[in-house]
Amino acid sequence: MKYYSTLLLGLAVACGDDAREPASHVDDDERAPQPFVDLNPDPGVVEVRLAASPGEVEYLAGKPAAVWAYRDAGRADALPTIPGPVLEAKVGDQIIVHFVNELTEETTIHWHGLRVPASQDGALVSQAPVPPGGTFDYAFTALDAGFFWYHPHMHSDVQIERGLYGLIVLRDAFSVPVHEERLLVLDDVKLSADGALDEDTTHMDLMMGRQGNVLLANGQVLPELHTRPGSRERWRLLNSANGRTFNLSLPGLTFLVIGWDGGLLPEPYEAETLLVAPGERYDVVIEVPGDAQDVELVTLSHDSGHHMTTTSSQPLLALVSRGDAAAPIDALPSTWRALEPIDVAAATTLRTLALSEDMMGLRFFINGFAWPEHEHITAATDSVEVWAIDNRSGMDHPFHLHGTFFQVLDSDGVPADSLGWKDTVIVPRSATVRLAIRFDNPGAWMYHCHILEHAERGMMGQVDVQ
Ligand code: C2O
Ligand code: CU
């Protein structure tokens, strides 16, 4: 709490010319996710303490909800927050996370998208669960610049829904000139009228992935963020929801997409809407209009299958543009990131992974097996494989692979928008998405649907890279 008020004070001084808000008002900008305290003075080492703890948040004002969340245990008085503390490091840094489980059930931490040694991946194929009261020290090197996240990898449909997720930003020397950079994690929660998490899990929740009735951006309902007219902003977007795919739009503006899950693209592209499934990230640049027009981020109606179209457009956050115009800023770079396509001519193996479902029995399958029933895939280290993810079910599934990134070749023969690296990709119903994968990281790795109810009910498998 002390840290928080110091921060507010600092910002109040910095914006001293702006007297539009009453003194007691906590501006939503200042509630942005906070970085961990780095306990190690060595500039090449980021060493933090992380606890998973029971806590309380107010999703609805004045109506507290009991949650499970991460807290920065390196700060004496830090409370659990949703999202959890931000892990920030430079490429090349050594990262050490001293984790303590303060929950009443077992958990692990998975570093979604980070290329870590298999023993640090937090999946049950590579790590024993951390018991209540137990600890585990995770250690790995930051290899790739990008936006990632951490979350439990067991009982994930319950644990992540209760609030256990946090953000990771790894940076390198490549900087994009912007006035403001924001980390934005989008989620939905199912709340009862008293503001508590609604624990009543329906057949529909299990079938589609739990659909919340309240949308969140950085754990808040419709936050109001502030900017200056004419600003250029960089938004790093993550979908941490169990089952909802966001169909994002900024009415009147376009997204310039500069990066995907695995970092910057070779070339940005423009998009009117962005379909972001659970687990996926998009790195975008926004040009705020020069005429003090407010901007709203909304999610448009979208059909993920089984005729479960989400209702019309719903707002996620407001970007209020006030005050003097933003100062001039350098143009965006003309060259971005050199990226070579994976040489699929060298692929040793072509595999088909068929996704299917039993909607009455609520079981989800890959090649006919529901995890933990399963035949391991074995791949040679440094081999290239092409995986055809063949969706034979009635809804879309976001397919996620641990341990390495892949390139999307095509979806039903239509080439992908970019060569960019992905670790999670939407496989539309009745479509086949082909991925090029180089297995450069030995160990046992999971792949699964990132609709957590599906993963926990069978749509999961294991590849042994050896
Ligand atoms: Cu984000 Cu295997 O998970
Ligand atoms: Cu699924």
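**Copper site, a strand pair and a loop residue**

Ala-347 sits in the loop that runs between strand 19 (314–321) and strand 20 (349–358); strands here are DSSP runs of E, at least two residues long, numbered from the N terminus. The model is a predicted one, where local features need pLDDT of at least 70, side-chain atom pairs count only at pLDDT 80 or more, and totals for chains, interfaces and linings use all residues. Residues are numbered from 1 along each chain as its sequence is written, chains are lettered from A and ligands numbered from 1 in the order in which they are written, and side-chain values use heavy atoms, with hydrogens and water left out.

With 25% relative accessibility, Ala-347 comes out as partly exposed (buried is under 20% relative accessible area, exposed over 50%, partly exposed in between, with a 1.4 Å probe and protein chains only). Setting aside neighbours within four places in sequence, Ala-347 touches Val-384, Glu-385 and Val-386, contact being heavy atoms within 4.5 Å.

On to the metal: the copper ion (ligand 2) is held by His-397 (ND1), Cys-449 (SG) and His-454 (ND1) at 2.0 to 2.1 Å. Donors are N, O and S atoms within 2.8 Å of the metal (3.2 Å for Na, K and Ca), and sites may look incomplete because water is not among the atoms. His-397 in strand 24 (residues 397–401) and Cys-449 in strand 29 (residues 443–449) are 52 residues apart, linking distant parts of the chain. His-397 is buried at 0%, and Cys-449 is buried too, at 2%.

Elsewhere, strand 13 (residues 246–249) pairs with strand 16 in the antiparallel sense over four bridges; pairing takes at least two DSSP bridges.
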